[in-house]
Amino acid sequence: MIAALSHPFFLHAVLAGTAIAAAAGLTGYFLVLRAQIFTGDALSHTAFTGALAALAVGWDLRIGLFAATVGVALLLGFLGSRSKADDVAIGSAFAWILGLGVFFLTLYTTHRSTSDGNAGVSVLFGSIFGLSASAAWIAVAVAAGVCVALLVLARPLLFASLDEAVAAARGVPVRLLGLAFLVLVGACAAEATQAVGSLLLLGLLAAPAGAAQRLTDSPFRALALSALLAVGEMWTGLAVGYAVPGVPPSFAIMAAATLVFAATFLIRRPDTGTAAVTATA
Amino acid sequence: MPLADAGLTAWSWNPLTDIQVMWSYPFMVNAFRAGAVIAVLSAAVGWFVVLRRQTFAAHTLAVVGFPGASGAVLVGVASGYGYFAFCLAAAVVIAMLPGAGQGHGEESALIGTVQAFLLACGFLFVALYKGFLGGVDALLFGSFLGIGDGQVVLLAVVAVVVLAVLAAVGRPLLFASVDPSVAAARALPVRALSVVFLVLLGAATAEASQITGSLLVFALLVMPPATAQLLSPRAAVSLPLGMLIGLAVTWLGLTAAYYSPYPVGFFVTTFAFAAYVLARAARTAATAFGARGPRPGTGATGGTPHAVEEAAA
């Protein structure tokens, strides 16, 4: 495995993957705590369309990714508090956005002479072994920024997530915090799309966080555990993806994350999850 | 897609010859036949999906179909069988879990993980089946190519069986969907009905996936019946209306996809979503305008789409 690190592509994957996994683990924990995990589902649809729209007009893929995910995260934040929109309308809108993504994919693959035919597949399922040195370092910088911002916000955000009414009464800017958090989720989703792809980023956000919440009751310990689990699963996935020919790294990462989450169901705990979390905070 | 590129088929603005040219290809005729079967079945089952608010279950079942289809291709079977096997199996599993398929609650992290893992499995099968990477788009976003005669027969047989079962349980299912507690009090087997319905939904999802792909089943399963229910509160009107909308959307989508380089999934979703948005706008206009007239929701304002349009005009 040490020999693998001498390959620049693997080194870049480990660098970017570690940072992205840590950011996904931290944001995922708050998403699970705030019962917003399906924001991840919505973002995965828009990430695909944003990335391919940018490619179709000839821009860098990441511009489209970040614009789409952060924009939609903000939109969801503004809509979310105002009204309870129905699932048919939201589901239809996101299905259509995904359909639009396919349109951009075809536009890109048929009209751009320099295009590669697998652009759609690599946006959907990630291409972490294909990251260049500069892309990896940008990913590290953005993911580190997300981590730092989340750690700074962690205490008030935790308070606002566990008991919104009391937090608001104590003068915590609950609404502003919610919006800031969604922007961080958007940035994290855009990063994760480059690693595991837009379809699988939901798993990277949900699995480590769900496992951490089952393993410990203390919110701060769960937060740290979620990030550690995500990084561990990322490393395992990268190693398996490198060692076993034919297995794509994004599948290996998802498989590791799912196995860890499944393993937590075998461990019996004396009391149940969320009620205890609320009690300790 | 390559057909349009080759310049074999250009839209001539003469609909009669255009349709003749299009239907001179057996695969296109098969696509239209399959599309008709799928649209009618999806609208019928989807009508209950919208009523029962089970759109999330439909989405989950469709995601399960993707590893099924790619796995079937990997072992050398037609992808249609994979869709049926996995969607039906998943429907049974979801039916066994109490309270699952609703999309909220504490198990959302679990559902999200399972979805992502299944998609990852599908991707693994695609990657193991070398040289097939382009085909992943067809499985996820739909394709009208490669529907053979046997496939059409299979689709039709499954559709007839599902529609027959749906017709048999339709009345109690409607009652149980609208008011489960009263239905249970009247000794209706509410739980058994919902299990039966999930299995029917699994079959319908598997069929819809074959036109729209795994990720866009909403276009046929949810949007047409939701549009019809916006336009009419009466089941006797909205059920056939949904089928009609589904059929129109599918056939228009197939025609547009045939005469353009863009995939069928994009057109079907766009047409279906446009119909839904128009219906919502018409409904909003009708309620705003008809506030002085008969009360909305009593059936007097929204009997047919024409009535709504007249009320809006």
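**Figure 1. Burial and surface of chain A in the predicted model****.** Of the 281 residues that make up chain A in this predicted model, 56% count as buried. The accessible surface of this chain comes to about 11200 Å², and carbon and sulfur atoms account for 70% of that surface.

**Figure 2. Helices and contacts of chain A****.** Chain A contains 12 helices and zero strands, so that, in keeping with the definition of these elements as DSSP runs, its order from the N terminus on reads α-α-α-α-α-α-α-α-α-α-α-α. Among the contacts of chain A that have a separation of 6 or more, 79% join residues 24 or more positions apart.

**Figure 3. Close-up of Cys188(A) and Cys147(A)****.** The closest cysteine sulfur to that of Cys188(A) belongs to Cys147(A) and lies 7.8 Å away, which is too far for a bond because a disulfide requires the two sulfur atoms to be within 2.5 Å. Cys188(A) is itself buried, with a relative accessible area of 2%. Over all chains, the count of disulfides by this rule comes to zero.

Definitions and conventions: Residues numbered from 1 in each chain as written. Chains lettered and ligands numbered in written order. Predicted model: local features only at pLDDT ≥ 70, side-chain atom pairs only at ≥ 80, totals over all residues. Heavy atoms only, no water. Buried < 20%, exposed > 50% of the residue type's maximum accessible area, 1.4 Å probe, protein only. Helix = DSSP H or I, 4+ residues; strand = E, 2+ residues; numbered from the N terminus. Contact = heavy atoms within 4.5 Å. Areas by Shrake-Rupley, 256 points an atom, 1.4 Å probe, with all protein chains shown as cover.
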